[in-house]
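Dear colleague,

Please find below the structure that I am handing over to you, together with its sequence. My notes on it follow.

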Amino acid sequence: MKPTTRTLLTALGLAATATFATGASLTFYEESLPSSMNPLFASSMVDNRVHELVLDRIYHHDPITNELVSDVVERWELADGGKGVRLYLKKGIKWHDGQSMTAEDVCFTIDSMLDEGTPSPIAEKKRAVFAGCDAEKNDVALVKFVKIFHNPLNRLGIHILPKHVFGETAIRPDHQFSNRPVGTGPMKGSMGRRGVVFEKYKNVHHDPQIDQMTLQEGGDPLVQVRTLLNNGVQGIIAVPPPYRADVSASDELTLKSYDLRSWWFVAVNQEKAYLADKRVRQALNLIVDRTDLRQLSIGVKPGEQNSPCEFISGPFVQTSPYYNRSVPTQPRSDKEKAFLLLKEAGLKQVGGRWHYNGQPITMRIGMKAPLNNEAPDLLSQVGNQLGAAGFDRQEFRITVDDWNRKVLTGQATDYDLVVGKWSFGLVEDVNPLFHTRKDNRGALNIFNYANPQVDALLAQFDAARTDTEAKDAYHKLHEKLAEELPYLFLWKLDTKSAWRTEVRGNTISPYFYWTAFDSWKYGS
Amino acid sequence: MKRWWIRPLVRVVAACLLPVAVPAVITAFIWALPGDPASIICPPELCGGTAELAEAWNLDQGATHFYTTWMGAAMTGDFGNSWRLQPGVPVGELLASSIPWTAALVVLAFVPLLVGAAGAAARIIPRQVDAILQAVGLTPSVVLALCAAAVVTITYGAFAFDDEAMRVKLLLGALCLGLADQALSGAVTGVRGLMEEERKQRYVQIAILRGESVLSNTLPNTLGALAGQMRARLLHLLSGAVIVEVVIRIDGLGDLLWQGTLSQDFGVVLAAAFGFALLSALLLLLQALVEVATALHVRRSPAGVVS
C-alpha cells in the first residue's frame, strides 16, 4: 500500500476514533458474543453478564454490602407455611417497549420454567425449586416453592420475563427475544452479527448515566490491550495475567477486580482402569507441581506478593465460606511419594515409562481451548510434568462446541484428563459437578464420577436449613473430594477487568458484573 | 448449426434445478451427520427438550419432510428464524441485510474485470501487460484479504464496523477479489485469446479488406462465448467473496454462510446457499438469454438480401 493511502486510512481511523470517543457512547471487549439474550438459554458467562444489563432479577446480592436486595420488589413476606413468599412489586416499572411490569410477568416467568415445553436445562433445574405462582393482585405475586428453603429469597435470583412478548409459557430458544430482548433493566439491548448495542432506558428503578454501549468480541488479548491503550475501546472484561503489567503501567487505565469465584482443575477419568484406583489419582496429585505450572503458564514467580493465582485443595475458592481450611494445598510435587503410591497400585516402571497390566500408559489430556488465553501453555506444561514423571501423553485442545457437547454431557470418556475452569456466583452450588448422573442430577459431571458418600453429602447440603448446616456439609465434601480426587484442584485465578479512567463509578459486581450499572459514568 | 437452442436450453434447465438441488444436497448432508439434527443444532445442555425443538423445526419426520416443508416456505420468501447464529431473527432479514454487501463487493470487483476485458478485446491493453497481471494474480485471495484485514484492524480498531470502515473494507475487498487468483488477468487474457482467434477467421479478414470494423464482425459470433467467460468470472468472484468477506469481516452472504456453518445453524446455511444458488441460476439464465439473442441475430437475413 502506498504511503499516501496509508496516511489517508490512518487519518480516517483517527477521525472516527475521535468522533466516537468524545460522545457518551462506550465500547468494550467481551470474551465472545452472547449466544442468547434469553436467560433461560444462557450457556456462558458472557450471556450471564449481558442479561444483567437488559433484565432485572427479582432478588440479587448488593455488590457492596452483599445483602439480598431487589430493584423490583417493594417488600415481601413468608406465606404458605414457609413454602412460599408473597412479593409486593414496585409500581410504575416499565418494560423497554413501554408496557407496565406486573405480578403476571413474575408468575409468567415461573410458569415458563415449570412448563415442560420450555426446552431449557436452566428451567429444568428450577423445576426442583418452584411449585407455582399466583398473581394475587396487579402488583402482588405469591411464589410457591416445592419445599421450605432456609433462605427462600436466595432462590429468587431469576430474571423476570415479559408475558406480553411471549404469550405462551413454552419458550423456545429461537424466539426473537433471544436476540432483541424486552427487559426492565437499565439498558435496552439488541444483538447484531458483530456485537451488541445497548441503549439507556430510564425507568422508575433505574437511571443509567451512559447513553449507549457497544459490546464487541475481543479476539487476540494483545490487540485488545493495545486498542484499549489507544482509546479504541474503553474497557476489557477479562485481561489475561500476562497482559496486566501493560495495563497497570498506564496512567489512563485502571485494573479492576472481578470476583468470578473461578477455580481451575484437572478432571480425572475414573472409567479408565488404571485411574479407578484412588492411589493413582493421589499420585498424580503429587506429581503435578502447581508452583511451576503457575509460573510457566501464568507468570507468577514463587513467593510473589499479591499473586492473581491462589492454590486450592477443593472445589471452592479460598474466600468462600465453604472452603475447608483444614485441608492443605499441594503447591510442590513429591515424586518419591507419588511413585510409591503408583507401585502400590500395581503400576510398573519399564524403561522409565509407567505400565499398567503390561501395557504402557498413554494419557490423553484435553483442555478447553479458550483457557489458553488466560493460562498460555498450561496444557503443554501439565503434559510435560506428567511426561517427566514417566507417562506418555497426547495433548488436545477442546473446542467450545466439543466442550459443551461432549465434556459437559459426560461423553468425553476417551480423555484421561481434562483441564477446565468453573465459575460461580455467590451461591456456589457444586452439586451438578460431583453428584452421580441420574434423575437430572450431576448434569455437569464430566467423567460420570459416582460415589454414594459424596452424594449423601450433597443431599445434606440440599437439605440444609441454615447457613451453618450448609457450610458443614460442604466442608465435609471438600475433605472427601480432596481424598477421592475426581479432580486435581489447581487454583483460583483472579479475573481482572481494565477500564479507561474516563469511565467512573464502575463498581463491578461479583459474577454478574453489571448489577450496579446505574452508578457507571463515562466522559467529563 | 441447426440445434443452436440445445445449449441455452440446458442452461435454463440447470438454472431451474440449481436452487432446488443445493438445499437438497445440504439436507442430505445434515441427515448424514452422526446424531439427530435437532441435537446437532441445539445441544441438549443448551436446549433440554430436543424432541420439542425437532417438532417445531420440522426435523422430526425425516429429511424429505424437512426438505419439502423448507422449500415450500422458501418459495414464499419465508426462511424461518435463525436457530443459533442470531436466535429468533428471521433468516430472510439476515439475507436481506447480507445480499447488498456481497452484491456491492462483486460488482466493484467486476468493474475492473469488465474494463480489462473490453480493453483486451479492443486491443487497447497491450499483450506485454499480461505478464504483470498474471504475476499479481498468483497471489491467493486469502493472502491479500489478510493484508487488507490487518490494515483495517490497525487503522480502525474497535470501529471496524462503522460506516466509514465498512466502505474502506468494501473497496479493499473488491481490490483483493479483483486482483487475486488470476481474476483480472484471466479476464484480460481469456477475452484477448478469444477475440484474436476470431480475428483469424476468413470472414473477418475479408471484412478488414472491405474496410469494415473488426469488432462489429467478430462480436456477434463471440458474444455467447464472452457471456460464458463473464459468467465464469462472476462465479469466480462470488466464490472468492466468501473468503474475502470472512477474512475482512464484511457482513455479506459468504460471511453469513460461514458463520451459519460454524454455529451449525442449518436454517441460515440452507438459506445462504439457496441465495448463492439463485445468483448462479440468474447468471446461467442471463448467459442463455445472450446466447439466444446472438443466435437469432446471426441467423437473421442481412439487410438488402431478398430470399
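**Overall organisation of chain B**

Read along the sequence, chain B follows the pattern α-α-α-α-α-α-α-α-α-α-α-α-α. In other words, chain B has 13 helices and zero strands. Please note that this is a predicted model. The predictor gives the complex an ipTM of 0.74 and a pTM of 0.78. For chain B, the mean pLDDT is 87, and 95% of the residues reach 70 or more. Where pLDDT is low, the predicted coordinates should not be read in detail.

Taken along the principal axes, the C-alpha atoms of chain B fill a box of roughly 80 × 55 × 30 Å. Of the 307 residues in chain B, 45% are buried.

**Two helices of chain B that pack together**

Helix α1 of chain B (residues 6-32) packs against helix α13 of chain B (residues 266-299) at an angle of about 170°, and their axes lie 8 Å apart. Because angles over 145 degrees count as roughly antiparallel, α1(B) is roughly antiparallel to α13(B). The residues of this contact comprise 22 nonpolar, two polar and three charged.

**Helix α8 of chain B**

Helix α8 of chain B covers residues 163-179, which amounts to 17 residues. From its first C-alpha to its last, α8(B) reaches 24 Å, close to the 24 Å expected at 1.5 Å a residue. Which residues of α8(B) are buried? They are B:Ala165, B:Met166, B:Val168, B:Lys169, B:Leu172, B:Gly173, B:Ala174, B:Cys176, B:Leu177, B:Gly178 and B:Leu179. Just after α8(B), B:Asp181 takes a positive phi of about 50°.

**Strand pairing in chain A**

In chain A, strand β7 (residues 140-145) pairs with strand β5 (residues 84-89) and with strand β6 (residues 130-137). Strands β5(A) and β7(A) run antiparallel and are joined by five bridges. Within this pair, A:Leu87 stands opposite A:Ala141 in β7(A).

The pairing of β6(A) with β7(A) is also antiparallel and extends over six bridges. Here A:Gly132 stands opposite A:Lys144 in β7(A). How many residues lie between β6(A) and β7(A) in the hairpin that they form? There are two residues between them. In a regular strand the side chains alternate between the two faces of the sheet.

With kind regards

Note on methods: Residues are numbered from 1 along each chain as its sequence is written. Chains are lettered from A and ligands numbered from 1 in the order in which they are written. Two strands pair if DSSP finds at least two bridges between them. Helices (H or I, at least four residues) and strands (E, at least two) are DSSP runs, numbered from the N terminus. Axes are lines fitted to C-alpha atoms, for helices over the stretch in contact, and angles run from 0 to 180 degrees between N-to-C directions. Angles under 35 degrees count as roughly parallel, over 145 as roughly antiparallel, 65 to 115 as roughly perpendicular and the rest as oblique. Ala, Val, Leu, Ile, Met, Phe, Trp, Tyr, Cys and Pro count as nonpolar, Asp, Glu, Lys and Arg as charged, and the others, Gly among them, as polar. pLDDT is the predictor's confidence in each residue, from 0 to 100. The expected span of a helix is 1.5 Å times one less than its number of residues. A residue is buried if 20 or more other C-beta atoms lie within 10 Å of its own, exposed if 12 or fewer, and partly exposed in between; C-beta atoms are placed from the backbone.
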